[in-house]
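Have a look at the model first, then read on.

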Amino acid sequence: MTKNKPGFSTLAIHAGAQPDPTTGARVTPIYQTASFVFNDADHAASLFGLQAFGNIYTRIMNPTQAVLEERVAALEGGTAALAVASGHAAQLLVFHTIMRPGDNFIAARRLYGGSINQFGHAFKNFDWHVRWADTDDLSTFESQIDDKTKGIFIESLANPGGTFVDIAGIAEIAHRHGLPLIVDNTMATPYLLRPLEHGADIVVHSLTKFMGGHGNSMGGIIVDGGTFDWSASGKYPALSEPRPEYAGMVLHSTFGNFAFAIACRVLGLRDFGPAISPFNAFQLLTGIETLPLRMQRHSDNALAVATWLKGHDKVAWVNYAGLDDHPNHALQQRYAPKGAGAVFTIGLKGGYEAGKRFVEGLEMISHLANIGDTRSLVIHPASTTHRQLSEEQQVAAGAGPDVVRLSIGIEDAADIIADIEQALAKA
Ligand SMILES: *Cc1c(COP(=O)(O)O)cnc(C)c1O
């Protein structure tokens with residue numbers, strides 16, 4: 001590439017990729033193979049001992065995955081990355097690397113519902129404990145930290161309400177206590193916001209959503225910011241103490257500012273096995289090439305739709321941080337001035353029944369449980385994802401009976417509005 005530092009759109013297309021050295025293929029090939037031939041026995045031994053980098057077996061590493069990793073690391077401004085099968089797998093491997101039984105971490109209460117389940121239920125089986133904090137009152141993060149706390153986890157732009165968070169403020173609390181800040185950047189993507197620039201230490205993504213962007217492939221990634229000192233406190237023995245399975249190697253002193261990504265790969269991915277398929281890595285790479293164009297269009301369309309909805313007499317409220325009277329608007333302007341993303345919630349005056357009828361009345365907009373597709377999507381949480389909760393619990397989760405969540409796609413804004421208009425007429 002040219003000598004000047006490439007811009008974001010250039011990196012989205014070129015970072016990590018070169019023409020294939022043997023065939024000249026310009027697009028990164030799908031290396032659909034389980035394993036790779038060693039040069040000789042010494043080469044094999046050095047790969048297994050982590051003395052040399054190279055491909056062994058696709059559960060641990062694969063050339064198509066490697067391009068995806070290098071590309072996302074470049075877009076987020078990190079030192080290295082590890083691509084895995086899903087966003088949830090990424091979160092599991094991050095916590096596996098920093099937690100020991102009996103430890104806890106602090107997480108924002110406002111998270112993707114699947115993350116609330118993973119942290120609150122599945123992680124208990126490892127004796128890892130989440131303590132919920134409130135992003136509107138940062139003291140709730142600090143007051144729950146004790147000597148068993150190993151990290152803080154937030155979403156940069158929180159699902160489902162589309163709320164922005166004071167990342168730098170929370171990073172300061174984490175660092176004052178010697179803890180890493182882990183940020184789920186799925187909803188914002190590095191096009192709108194780069195958490196590492198605001199003090200985050202690790203970024204995770206569900207690549208399934210806006211990064212891949214077409215609703216066709218699952219994937220997740222962990223990006224190592226390269227800034228956290230894993231050896232300072234003795235709290236992170238996986239990184240700072242000798243590893244028995246690697247002849248006593250200490251990962252942090254051996255791999256320095258990309259030791260976290262290595263640890264997630266050679267301890268977590270190796271032993272739990274949630275590898276991304278080369279085909280999905282290829283699909284996600286193709287999606288990422290247009291990330292800047294798509295995210296700008298998603299945000300511009302969402303602002304147009306939210307503005308139109310605010311003026312509609314069947315709509316009680318619109319919760320979109322891109323609107324200038326939203327309580328988070330100042331945070332949005334500070335952290336993501338290019339746009340507020342695609343996802344927001346609205347409330348219909350007719351409550352539960354109106355919400356259900358509205359969702360059923362939509363024609364182009366799809367009723368399903370996903371976000372971040374090119375297509376506009378909708379869900380009525382109270383009758384679907386949150387239906388097992390009491391009304392009180394639904395309201396606390398931001399999923400009360402009247403709430404409808406939209407993920408605005410990149411169709412023509414006029415067509416999205418026309419579909420919503422006819423469905424509101426029926427609600
Ligand atoms: C979907 C999602 C996840 C989980 O990712 P999967 O790829 O579905 O495992 C995590 N965080 C956020 C914000 C999400 O939207």
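Predicted model: local features only at pLDDT ≥ 70, side-chain atom pairs only at ≥ 80, totals over all residues.

Residues are numbered from 1 along each chain as its sequence is written, and side-chain values use heavy atoms, with hydrogens and water left out.

**Layout**

**Contact and buried area**
- 32 residues of domain 1 are in contact with 34 residues of domain 2 (heavy atoms within 4.5 Å).
- The two domains bury about 2700 Å² between them, 61% of it on carbon and sulfur atoms; buried area is the accessible area (1.4 Å probe) lost on putting two parts together, summed over both.
- Phe164, Tyr191 and Phe210 supply 30% of the area that domain 1 buries against domain 2, more than any other three residues.

**Salt bridge**
- The count between the domains is one salt bridge (a side-chain nitrogen of Lys or Arg within 4 Å of a carboxyl oxygen of Asp or Glu).
- Arg334 forms a salt bridge with Asp166, with the closest N and O atoms 3.5 Å apart.

**Domain 1's face**
- Elements giving two or more residues to the side that touches domain 2 include helix H7 (167–176) and helix H8 (189–192); helices here are DSSP runs (H or I, at least four residues) numbered from the N terminus.
- H8 gives the most, with four residues.
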